[in-house]
Every structure is written in structure tokens, then in C-alpha cells.
Amino acid sequence: MSYSPPSRFSVARLTASVLAAGVIWTSTSQSEAGVVQPELREAITRGQHEDLSRKATAYVAPKDLADLVKEADRIVIGRVAHSEASWHPTRKLIFTHASIVVEDTLKGDPVATATVSTMGGIVGDTQLTVSAAQHLRPEARMALFLKWSPEFGLWIACGASQGKFTVLRDGGRDLVQPTVRYVTESYVPFAEHDTRGCVEFGAFRDVVRSLVEEGEGR
Amino acid sequence: MIFSTTLAVLGAMSSASAISAPVAPAAPHGPILNAIGGVPTPLSWPINSTITMRYDAALGDPSTFPASIVPGSTPRIACNAGAAVWTAIAPISIVDGGLTSATSVGADGTNLVTFSDPALAAAGFIAAAFVFSNVTDGTIFESDIGFSGAFLFDTTGTAPTAFDIQHVAAHEYGHLLGLEHSAIVGSSLFPFTPPGARWARTLADDDIAGIQTLYPTVQTFNAVGAVQGQLTRAFGGVIVPIPGAHILAIDSVDGRVVAATFSDANGNYLLTGVPAGLYNLQAEPLDGPVLPGNLIGTSWATVAFDTTFGEARTGSVTVRNAQITTRNFSAVTPANASIQAMFANCFGIGVSGNPLTTAPLTLVKPPAGLSYNCSLFLNGPGINPTGAPAPAGPMAVNVSPGITITGPFQGGFFTGAGGVMFPYARYQMTITPQVAPGQHNIVLNTYTGPILGQGGQILFSGAIDIVETSPPTAQSIVYGTGCSGLGGPLTMSSTGLPTLGAPYSATVGPFAANEHALLVTTEFAGIDNLSGVSGCTSALLNLGSLLPDPFGVTVGPFGGGPTGTVTFDLSIPNIPILAGFTFHHQAFAVSTSAAVRTSPGLRSVIQ
């Protein structure tokens with residue numbers, strides 16, 4: 001049999017609330033061509049927006065703060081002391097290895113120094129530039145989410161550039177800026193971000209510690 | 001101080017007038033700028049090079065494709081098409097050199113495209129370009145493109161979470177040629193993309209300006225000019241430069257974003273590849289969606305990006321072909337707002353951008369006599385931060401003929417991951433046939449006092465992407481797997497094609513006597529579980545859970561009628577603006593006891 005809606009592309013809209021035991025469907029009529037009533041949209045959105053927001057991604061795979069905490073073998077806060085590039089011993093790639101003087105270890109065994117390696121750098125007359133890599137500026141203060149890469153035999157940042165957070169000194173406050181805003185906006189209340197996507201250093205550290213403790217079952 | 005060979009070429013080829021440069025010329029627009037001896041130096045291949053790309057051998061036969069490639073895809077063709085958008089307009093060639101046994105990116109004398117490098121899956125990116133250059137002059141001598149094995153890629157458009165290979169390849173080939181990320185939403189080199197997006201397949205004006213700056217010809221050089229200057233602000237009574245600002249050239253006549261660049265450590269900028277005409281220059285902080293950390297060139301690592309100023313806009317600036325115009329300007333207010341995300345609905349039939357994504361709102365230029373009427377939902381710091389139902393500002397500003405944005409009219413909250421509430425303000429947007437194809441800005445006045453305009457402006461650069469109507473090919477493809485629930489599988493098939501004015505329908509079944517038939521129509525494909533619903537926890541496809549995008553629901557009869565199946569009439573009205581749009585459909589069987597089954601999806605591309 002054939003069934004035609006009363007009005008093509010102008011049919012009823014539906015509010016769907018997925019409940020534990022089933023689905024409740026509620027039809028509403030369209031009253032204003034081209035405009036979805038915001039309150040209806042809001043009702044539809046609630047509880048279902050998470051999936052959509054995670055589809056938003058970069059040419060790096062999207063991670064939120066919990067993803068990064070879970071993936072990291074080591075999370076440190078520190079300052080870049082020096083860096084040096086070299087050819088990888090088995091891959092024909094240049095890596096730059098930055099030595100970090102650690103002031104605080106948020107995950108993993110406490111360490112005084114840590115090394116993070118990033119794709120790209122200069123050796124002799126050759127420079128490798130990688131479109132998804134991150135730069136570690138000398139003297140920069142950072143929060144780094146690190147993991148051991150058995151593929152490369154190196155410590156690398158989780159989620160490409162997303163595992164690097166720059167700590168800024170601004171107006172007497174320490175602020176943390178991600179390389180992808182979604183990373184922190186998912187977990188630190190939106191109102192606490194400034195126009196640059198920065199959040200208070202203390203709030204950021206507390207959220208990370210809390211996520212680490214959750215992961216350790218404490 | 002000459003920063004690049006490109007600028008030297010530009011100067012050498014300019015004969016129309018003497019070039020006056022009261023400020024040091026900044027780094028040119030477009031290329032990756034690596035710091036070599038403290039000087040920003042662009043990466044580029046020698047002009048007129050032929051770059052031979054080889055493909056990893058697994059791409060030679062569909063039976064050996066890596067698992068990351070959706071069956072039915074044609075990755076080599078898509079990659080070659082991604083390269084061709086650049087080489088079609090620049091004096092450089094990229095040719096398909098066939099297959100190679102190499103699978104790993106690296107300096108081995110071969111320019112490689114690989115989907116088979118296992119190490120890349122752990123690196124955390126979807127795809128990347130690996131560019132090897134001579135450190136003394138920035139000349140590229142080898143470059144590879146690696147697609148991660150941790151994600152899905154396709155060319156069929158049928159896998160909801162897959163990335164379009166041509167779209168990604170066009171982006172990475174831009175890097176391979178030496179181009180930097182762009183902060184213009186809708187540019188092929190914009191550093192963010194959701195799955196399924198295809199906008200990078202077509203170059204934006206900013207992309208064209210970039211590639212033709214890096215690889216100029218006499219013809220393209222003579223068809224454009226440049227603007228340079230310094231951006232400053234008053235700080236404690238002293239005028240200081242603004243480093244790391246995003247600076248745009250906006251066509252004064254039609255509002256299109258024609259080119260963009262970033263100011264250097266001294267606040268100097270150089271916009272190249274700008275066709276002769278009248279432009280307004282606008283500067284904004286690089287405070288999102290693109291952030292300083294998203295730039296590739298190492299020269300940016302030492303620039304102290306000023307992201308605390310309010311936007312600045314000039315009056316009309318005249319650009320003449322083959323000449324450099326100088327224009328200094330200042331920002332006068334601190335930044336107090338920033339647009340970070342938007343979504344919109346148009347037509348009332350579910351054409352939209354995603355909330356909390358950074359994809360442009362892509363719309364076909366309306367034909368004569370028709371217009372689009374949309375609601376825009378914007379969020380970001382300083383935009384209705386309390387989620388007030390009736391926000392007082394910031395007020396929308398019209399910047400492009402043919403695009404009228406008014407409001408805000410209403411506000412509220414969205415719920416994000418982790419239960420975080422995202423406030424929004426709703427604006428009204430109308431797009432008429434007067435609009436020019438290209439990227440257009442959304443602009444808000446961030447005034448806080450009683451006088452409109454007393455304060456800065458914020459913009460979402462290139463957020464609206466107007467495209468010309470292109471002849472689409474009608475497609476009707478069943479995809480994915482629905483949820484069988486407790487009643488067995490629900491099948492979906494189609495009859496006819498989604499062509500304007502022609503019969504087209506979908507048939508679904510079988511339905512039980514106590515089941516109600518529903519068909520959901522939405523812009524998005526999806527793969528989410530219908531969690532919490534008895535018997536449906538393993539569903540692979542559930543378009544309904546992808547709301548809040550505007551959508552339609554067609555309600556069928558109980559039990560599917562005498563045949564136990566329902567045919568939904570999906571015939572497309574003969575309205576030209578619908579051509580080219582894609583819709584996804586999924587049927588639901590909902591029983592009187594609230595049990596649910598779902599069908600596979602149906603993808604309809606309207607011709």
C-alpha cells in the first residue's frame with residue numbers, strides 16, 4: 001500500500017524522549033515555516049547532544065579530557081628545558097625530543113624530568129614538517145598528556161596536538177589553553193572559559209586529578 | 001626585509017607603480033612559514049614541478065583495501081581528484097605514478113599516499129602530510145600523505161562515520177604543496193572537519209589566493225594585488241602592535257571573504273592574491289575555532305598571539321592589480337565575546353549545520369524568486385552567557401548583500417558532553433538571490449552600553465558558504481543495519497530516484513499488527529545505539545537519536561496494512577533549490593507495548 005503524508009516536507013515534527021523502558025513519541029504541528037521552535041529543539045537536544053558534539057572533529061581524532069586522561073600513561077606539568085631533533089633509528093622520520101623539567105605529576109610515577117617526542121624537526125639540511133604535529137616552544141610551561149608509543153619506541157603526546165596544553169600567565173593568573181577547545185569545554189563549565197578558550201589553571205588541574213582518581217577507582 | 005621568494009617575485013613583477021612600504025612587509029598569506037635563521041620562510045616546491053605520487057600497493061585491488069576503506073570506494077581516484085583542485089589553478093603538476101611496495105611515510109625518495117602505515121593509527125590524527133624540505137631555502141623535495149588506520153574513509157557517502165577521501169585528500173594536498181591552515185570556515189585548509197563533510201573538494205577564495213601566491217604565474221599575478229600594513233591597539237596610553245591576529249579582506253560590494261592572513265610578531269600583515277576592487281579589512285583574535293596551536297609553521301611558535309583585543313574594521317581599501325596597497329589600522333576595544341559554534345535550520349525541512357561543530361553552513365545560492373529563511377543558534381563566551389530566554393545582545397550586523405541577520409530573539413541552553421550546559425542566542429537569517437557565492441561572515445556587535453556600535457565586533461569568519469547550484473546525480477542507497485528488536489529485521493527498499501517532480505518512494509516491512517510505522521527524515525546519517533530500549537541495545541543505526549537537527553516524521557498505518565508493508569511516498573517537489581541536497585531516512589516500528597525495531601538507512605541525493 002502507499003501512504004502519503006498530509007504535506008510533503010512540511011510534516012509533523014516529533015519530540016522523542018528515550019526512556020529506560022521504551023520510547024515516547026509526541027507529535028507537534030509545524031506552525032512557522034523554516035523555524036523550529038527553540039524550546040522544542042532544546043527538549044529534543046537534552047541528553048542527546050553529546051553524540052553530536054563528539055562527531056565534531058579535526059584532522060586529528062577528537063578527544064575530550066576524560067579520553068586524554070584515560071589514554072595517558074603519564075600526565076605532567078612542567079617547562080620545556082631544551083629540545084633536539086634526530087632521525088628515528090628505524091623510520092625515515094625526524095622527531096624532535098623535548099626535555100621537560102617537571103613541577104607536578106598528575107598521573108603515573110612522579111618524575112623530575114620527562115621527554116616528549118614530536119614528529120618533525122631539523123637535522124642537517126633537512127626539515128620535516130608534519131601537518132598534525134605540535135610545537136613545544138623552549139621555556140614554555142605546559143601540561144602534557146603522554147603515552148608510550150611502542151610503534152615508535154618514544155613518549156608522544158596523546159591525541160596528536162590535543163595532549164598539549166599551554167600554561168599562560170595573564171593578569172596575575174595562570175591559565176590553561178588547549179589546542180582544540182572541545183577538549184576542555186566538555187568538562188570545564190563553559191562560563192569559566194574566556195574568549196580564548198582558556199580556563200583557570202587550578203580548575204583544570206583539579207578536573208584532571210579527579211578524572212585520574214576516577215580511573216584508578218579511588 | 002624580504003621574507004619570501006614569493007614576495008620578491010611579486011615585487012619584481014610589479015611595474016605599475018612604486019611600492020611604498022612604511023612598515024616592514026610581513027609574512028605572505030598562505031604558505032607554511034618555518035623559522036629559518038629567525039626568518040619566516042615559506043615552504044614550496046619549485047614552480048612548474050611535476051610531483052609524482054605513488055600509492056601503497058594495497059590500493060591496487062579492492063580485495064586488498066585496508067579495513068579503514070569502506071567497500072565500494074575508489075580511493076586513488078578520490079585522492080587524485082583532491083590533488084587536481086590545486087593543480088588546476090597553479091603552475092605545478094601532481095601525477096599518479098602508480099603503486100609501490102612502500103607503505104610507511106618517510107624520506108625514501110618516493111612521494112607516497114598510504115592507508116597502510118600501522119604506526120599512524122596510534123599517532124592520533126585522521127590524516128597528515130609529511131613535508132620534507134631543504135632547510136636553507138624552504139624548497140620541498142619530498143612529501144607523503146598518510147591516512148590513519150584508526151578511522152573509516154570512503155567515497156560512497158554511505159558510511160555515516162567515514163571521512164570523505166576526496167575532502168581529506170584536498171586538505172592534505174594543500175599541505176603537501178606547502179600551504180598553512182586557514183582560519184576561514186569553509187576553506188579547504190580549515191583544520192576541522194566532521195565525518196561526511198565535502199566542502200574541501202571545492203577551493204574557497206582564500207585557498208585560491210594562497211596557492212596562487214605560492215605558485216604565481218604572470219597571468220595570475222597580473223590579476224591580483226596585495227594589501228599590507230600594521231595592526232595596533234592602544235595599551236596603557238601607548239600604541240602597541242597586535243601579533244598573531246587573523247586579518248581578512250572582505251569584498252566591500254558583496255561581503256565575501258576573499259583572503260585572510262595572520263599578523264606577524266610586529267603586528268605586520270600582508271594579504272596577497274587579492275583581486276582588484278574595494279575591500280574592508282577586518283581583524284579578529286585567533287581565539288577559536290582555530291587557535292594558535294593549530295598553525296603548522298614553526299615561525300608561529302615564537303609569536304606571542306594577542307587574543308585579547310576586540311575586532312577592528314577599516315573603511316574601504318582600494319586594491320589594484322599588480323600593486324601593493326598599504327593600510328594600517330587599530331583595534332580599540334577589548335574582546336568581550338567570541339562565537340564558537342553555530343547551527344541553523346533552513347526551509348523547515350532540516351538543512352542545517354551541526355551544533356558545536358565548526359563546519360560551515362553550506363547553502364546553494366537561491367534561484368530568482370526564492371529565498372531561505374533560517375534560525376541561527378550561536379554560542380560562545382559572551383553570547384547570552386546566562387542562557388536568558390530574551391537576551392539583549394550582542395546584536396547581529398548585516399555584512400553581505402543578500403544575507404540579512406537580525407536578533408537575538410530568544411535564548412536557552414543546550415546540553416553537552418558531561419552534562420555541561422551550553423547557552424545560546426537565536427538569530428533570524430534570510431538569504432536572497434542577491435547573495436554572492438563564496439564565504440561570508442556572521443558578525444555581531446559586542447556593545448554593552450546603550451549606544452549601538454559602541455564596542456567591537458566579533459565574527460565567525462566564513463561561517464556561511466554560498467555555493468553555485470551544480471548538476472547533482474540522483475542517488476538512492478540503502479545502508480547500515482537497523483535493530484531487529486524482538487520482532488526480527490525490518491527491511492527497506494526504494495523505488496525510483498529522488499529527482500525533482502518524479503515519483504520516488506521507500507517500502508518498509510514487514511510490520512506486525514500492533515506496530516505503528518514511522519519514517520524519520522533528517523540531514524544526518526548515524527550509527528548510534530538505541531540504548532535502554534529492550535531488544536534494541538545493539539542497534540547499529542538510529543537516525544532518531546541524532547536529533548536535534550530539524551527533521552520530518554511520516555506516520556504510517558498500524559500493521560502495515562493488508563500487505564504488512566508500508567510504502568512511503570518520498571517524491572520530491574519540483575522546487576529547484578532542493579537539487580543537490582541529501583537526506584537520510586530510517587523507518588521505525590513502534591508497538592503498542594513500546595517495543596521498537598528499526599530499518600536500515602536510506603540515503604537520497606536529490607537531482
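Visitor: What share of chain B is buried?
Guide: In this predicted model, buried residues make up 64% of the 607 residues in chain B.

Visitor: And how many helices and strands does chain B have?
Guide: Chain B has 5 helices and 35 strands.

Visitor: What about its contacts, how many join residues at least 24 apart?
Guide: Take the contacts in chain B between residues at least 6 apart in sequence: 71% of them join residues at least 24 apart.

Visitor: Over to chain A. How many helices and strands there?
Guide: Chain A has 5 helices and 13 strands. Of its 218 residues, 54% are buried.

Visitor: And the accessible surface of chain A?
Guide: It comes to about 9100 Å². Carbon and sulfur atoms account for 50% of it.

Visitor: Which residues are closest to its centre?
Guide: Arg137(A), Leu168(A), Val303(B), Ala304(B) and Phe305(B), out of 34 lining residues.

Visitor: Which elements give two or more residues to that lining?
Guide: From chain A, β9 (141-149), β11 (164-170) and β12 (173-177). From chain B, β10 (225-235).

Visitor: Which one gives the largest share?
Guide: That is β11(A), with 6 residues.

Visitor: What classes of residue line the second largest pocket?
Guide: Its lining has 15 nonpolar, 11 charged and 8 polar residues.

Definitions and conventions
Residues numbered from 1 in each chain as written. Chains lettered and ligands numbered in written order. Predicted model: local features only at pLDDT ≥ 70, side-chain atom pairs only at ≥ 80, totals over all residues. Heavy atoms only, no water. Helix = DSSP H or I, 4+ residues; strand = E, 2+ residues; numbered from the N terminus. Buried < 20%, exposed > 50% of the residue type's maximum accessible area, 1.4 Å probe, protein only. Areas by Shrake-Rupley, 256 points an atom, 1.4 Å probe, with all protein chains shown as cover. 1 Å grid on protein atoms, 1.4 Å probe; cavity = no way out; pocket = protein on both sides within 12 Å on 5 of 7 lines; lining within 4 Å. Nonpolar A, V, L, I, M, F, W, Y, C, P; charged D, E, K, R; others polar. Contact = heavy atoms within 4.5 Å.
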